[in-house]
Amino acid sequence: MKALMTVGLLVLSNTFMTFAWYGHLKFVELKWFNKMGLVSIVLISWGIALFEYFFQVPANRIGFKEHGGPFSLIELKVLQEVITLIVFSIFTLLLFRTESFRWNHLVGFVFLVLAVYFIFKK
């Protein structure tokens, strides 16, 4: 149950993180947003990223072995990176229709999945 809760919180966390880091690139299409300066955009992104921490910190505490969770620190980090990649890929395909995935991206993703396999192998 803690593993599932950890993964769910990491997905939520990475969703907010992706919007904080890359959402402003799409929001340029909004008239009111386009008139904002860089400092304003950074502050908005920072505000969105705050919600990332509301999910990331509990995910790590719940998931970490030394706090009763099922994952080592290294496993948590690799899991988080793969979730980040999945969330980012979905975000990119849905919001940025001009971006496309090529064969080399797929090969890179396969290597990351293999990294997860080897990290979790006992």
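By class, the lining of the largest pocket comprises eight nonpolar, four polar and two charged residues (Ala, Val, Leu, Ile, Met, Phe, Trp, Tyr, Cys and Pro count as nonpolar, Asp, Glu, Lys and Arg as charged, and the others, Gly among them, as polar). The model is predicted, with local features requiring pLDDT of at least 70 and side-chain atom pairs pLDDT 80 or more, whereas totals for chains, interfaces and linings use all residues. Residues are numbered from 1 along each chain as its sequence is written, and side-chain values use heavy atoms, with hydrogens and water left out.

The largest pocket holds about 210 Å³ of space. Of its 14 lining residues, Phe88, Thr92, Phe96, Glu99 and Phe101 are the closest to its centre. Two or more lining residues come from each of helix 1 (2-27), helix 4 (73-95) and helix 5 (103-120), and helix 4 gives the most, with five. A pocket is an open set of points on a 1 Å grid over the protein atoms alone where a 1.4 Å probe fits, with protein on both sides within 12 Å along at least five of seven lines; lining residues have an atom within 4 Å of a point. A volume is the space filled by probe spheres set on the points, which are joined across faces, edges and corners. Helices are DSSP runs (H or I, at least four residues) numbered from the N terminus.

Helix 3 (residues 38-63) has 26 residues, which at 1.5 Å a residue should span 38 Å; the end C-alpha atoms are 36 Å apart, in agreement (the expected span is 1.5 Å times one less than the number of residues). Its buried residues (under 20% relative accessible area, 1.4 Å probe, protein chains only) are Ile41, Ser45, Ala49, Glu52, Gln56, Ala59 and Gly63. Their cover includes helix 1, helix 2 (31-34) and helix 4. Glutamine 56 counts as buried because its relative accessibility is 12%. Beyond four places in sequence, glutamine 56 touches Leu10, Ser13 and Gln80 (contact means heavy atoms within 4.5 Å).

Neighbours within four places aside, isoleucine 83 is in contact with Val7, Leu10, Val11 and Asn14.

Valine 78 also lies in helix 4 and, at 17% relative accessibility, counts as buried. Not counting residues up to four places away in sequence, valine 78 touches Ala115, Val116 and Ile119. Valine 78 and valine 116 are 38 residues apart in sequence, with 6.2 Å between their C-alpha atoms.

Technical notes
Buried < 20%, exposed > 50% of the residue type's maximum accessible area, 1.4 Å probe, protein only.
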